[in-house]
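Hi everyone, thanks for coming.

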Amino acid sequence: MEFKAITDPRARAATACAVIGMHEDGALGPAGQLVDQRIGGAAARLFASKDFAAKLGDTLLLSRTGHEGPARVLLVGLGARKKFDRRQYRKAAQAAAQALLKTGATDAVVYLAVDAGTDLALDAYRRARGIAETFRAQGYRIPDLKTGPKPKPPRLREVRIATGGAGDARHAQRGLDDGVAVADGVAFARDLANLPPNVCTPTHLGVRAQSMRELRGVKVTVLGERQIKALKMGAFLAVAQGSTEPPRLIVCEYRGAPRAQAPLCLVGKGITFDSGGISLKDPPAMDEMKFDMCGAATVLGAFRTAAHLRLPINLVAIVPTCENMPAGNAVKPADVVTTMSGQTVEVLNTDAEGRLILCDALTYSRRFKPAAVIDVATLTGACVIALGNHYSGLMSNDDALAAEIAAAGQRADDRAWHLPIGEEYVDQLKSNFADVANVGGREGGACTAAAYLSKFTTDLKWAHLDIAGTAWLSGAQKGSTGRPVPLLVDFLLERARTK
Ligand code: BES
Ligand code: MN
Ligand code: ZN
């Protein structure tokens, strides 16, 4: 699916399908009105006859009624004008894409961005980017392993976005290009996370990361068990030791700015399967624990997008990856391990493995003298209970960094909610046998997990995203979402613009 910004002041572009929006009060935007005139006012008539209510996300496909005008018109409901905001705009775009992909149209001209302009505090760049991201996301298909005939690829090849003037079109084209790059990063992450864990192993993640070497300015290093041992990553190795799959430490470096500029570091939890280890999980939904590498997948996806866009920043992605399995030689409750930082940890629960691999990866990040470090992890069930799948949990030892990340999430419609860490939570992690325990009881589980990590990030500007709720959907829509790639890319874009 290719995207182009065009200026089309009279809404006369020839196309297989024109996409126009209508509010619940029956109002079309200026471009929508011009399109409707060319089909004899069919859209307005359908509203008047109550055949189309224009609720948010409603769609109705009209085929050419006269000789003039586009072959099809897709009417999209925008809902109440008063409630219309950037999230509703995205929902309308999503519905439009879903309906459009079911038609036979091979190209479309979308007038949503130009018409919604008067109602939304969104510039041409944002409006166009929203369309590219949502259209691409609707076109995403899980790389499944089903036998039998493959579904046909969507016929829709070219989507043109009508904008205001030529200046708008330039901004919109940039929005479309960025939107496609974000969507590519999202799809990259979703593909990895949707793969079964017998395919998506730590070794596989390493190979996929290595494929990014072809991008300009990118260097990828994949460390094996011997090298991880040499680094003294005792906590990471303790998690890995019960599995026959060898662990990997993946390090991707992107140089888009002078060497002197401190890099941003992204650290992603890469547990390719979390059985819980000796503290074995319950069977129901254990299959979903293949998703426990979504932090890794999204960090790699965001890295790939940043490199693809050639952002003028330096960036490092660090992914500790292994399986968490029970075995005769697996780490067990009460084991004490020594982390790369030198601090000792009492492993009270082997199912709290994410923080064990992350603490060593966070310590490793120090060698890059990063401007900021963000770790991304499907870390706690407690975060799912707290925030559901709407917001990622956000914790930080730096309020300005947290605010910057929360703002990026707002802009990208991939939101995160700032939660507390601090002494109270660190106190819950006291151990009689080691410097720190790896669990702090049920209460405030998302916060104690982050508080544990904070013991390894002193003097770093650090933030943590708990994506246990947002990275994955259960039920009929079961599969990965690619979140928080959009948030991360927006954060990087803004850093590239301002720093
Ligand atoms: N990967 C899980 C977190 C998780 C659990 C995500 C359920 C989504 C749904 C993590 O490794 C884990 O098992 N965390 C434990 C921590 C506990 C033992 C302190 C949890 O949340 O139950
Ligand atoms: Mn676990
Ligand atoms: Zn886990």
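Let's start with the largest pocket. Its lining is made up of 41 residues, and those nearest the centre are Gln 94, Ala 137, Gln 138, Arg 190 and Thr 481. Two or more lining residues come from each of these elements: α3 (86-102), α5 (124-138), α6 (166-194) and β20 (479-480). Of these, α6 gives the largest share, with 7 residues. The space inside this pocket comes to about 1600 Å³. Please keep in mind that what you are looking at is a predicted model.

Now for the metals. Which residues hold the zinc ion, ligand 3? The zinc ion (ligand 3) is coordinated by Lys 269 through NZ, by Asp 274 and Asp 292 through OD, and by Glu 353 through OE, at 2.0 to 2.4 Å. Along the chain, the spacing of these donors reads K-x4-D-x17-D-x60-E. The zinc ion (ligand 3) has 6 donor atoms, the angles among them run from 79 to 176°, and the site is octahedral. As a reminder, ideal angles for six octahedral donors are 90 or 180 degrees.

The manganese ion (ligand 2) sits 3.1 Å from the zinc ion (ligand 3), and Asp 274 coordinates both. The protein donors of the manganese ion (ligand 2) are Asp 274 (OD), Asp 351 (O), Asp 351 (OD) and Glu 353 (OE), lying 2.1 to 2.2 Å from the metal. What makes the arrangement around the manganese ion (ligand 2) irregular? The reason is in the angles, because the 6 donor atoms subtend 70 to 170°. The spacing of the manganese donors along the chain is D-x76-D-x1-E. Asp 274 belongs to strand β10 (residues 270-274), while Asp 351 is in the loop between β13 (344-347) and α11, so this pair ties together parts that are 77 residues apart in sequence. And is Asp 351 buried, exposed or partly exposed? With a relative accessible area of 22%, Asp 351 is partly exposed.

A polar atom of the Thr 321 side chain lies 2.7 Å from the backbone oxygen of Gly 270. Leaving aside residues up to four places away in sequence, Thr 321 touches Pro 202, Leu 205, Phe 236, Pro 247, Arg 248, Ile 250, Gly 270 and Thr 272.

Last, a few backbone details. Arg 483 and Pro 484 are joined by a cis peptide bond, with omega about 5°. Pro 484 is in the loop between β20 and α16 (485-498). Ala 334 has a positive phi, near 95°, though this residue is not a glycine, and you'll find Ala 334 in the loop between β11 and β12 (335-338). Lys 369 is another non-glycine residue with a positive phi, of about 45°. Lys 369 lies in the loop between α11 (354-365) and β14 (372-377), and it counts as exposed because its relative accessibility is 65%.

Notes
Residues numbered from 1 in each chain as written. Chains lettered and ligands numbered in written order. Predicted model: local features only at pLDDT ≥ 70, side-chain atom pairs only at ≥ 80, totals over all residues. Heavy atoms only, no water. Polar contact = N/O pair within 3.5 Å; in protein donor to acceptor, adjacent residues only side chain to side chain. Contact = heavy atoms within 4.5 Å. Donors = N, O, S within 2.8 Å, 3.2 Å for Na, K, Ca; no water. Tetrahedral: all angles 85-135°; square planar, octahedral: opposite > 155°, others 65-115°. 1 Å grid on protein atoms, 1.4 Å probe; cavity = no way out; pocket = protein on both sides within 12 Å on 5 of 7 lines; lining within 4 Å. Points joined across faces, edges and corners; volume = space filled by probe spheres on them. Helix = DSSP H or I, 4+ residues; strand = E, 2+ residues; numbered from the N terminus. Buried < 20%, exposed > 50% of the residue type's maximum accessible area, 1.4 Å probe, protein only.
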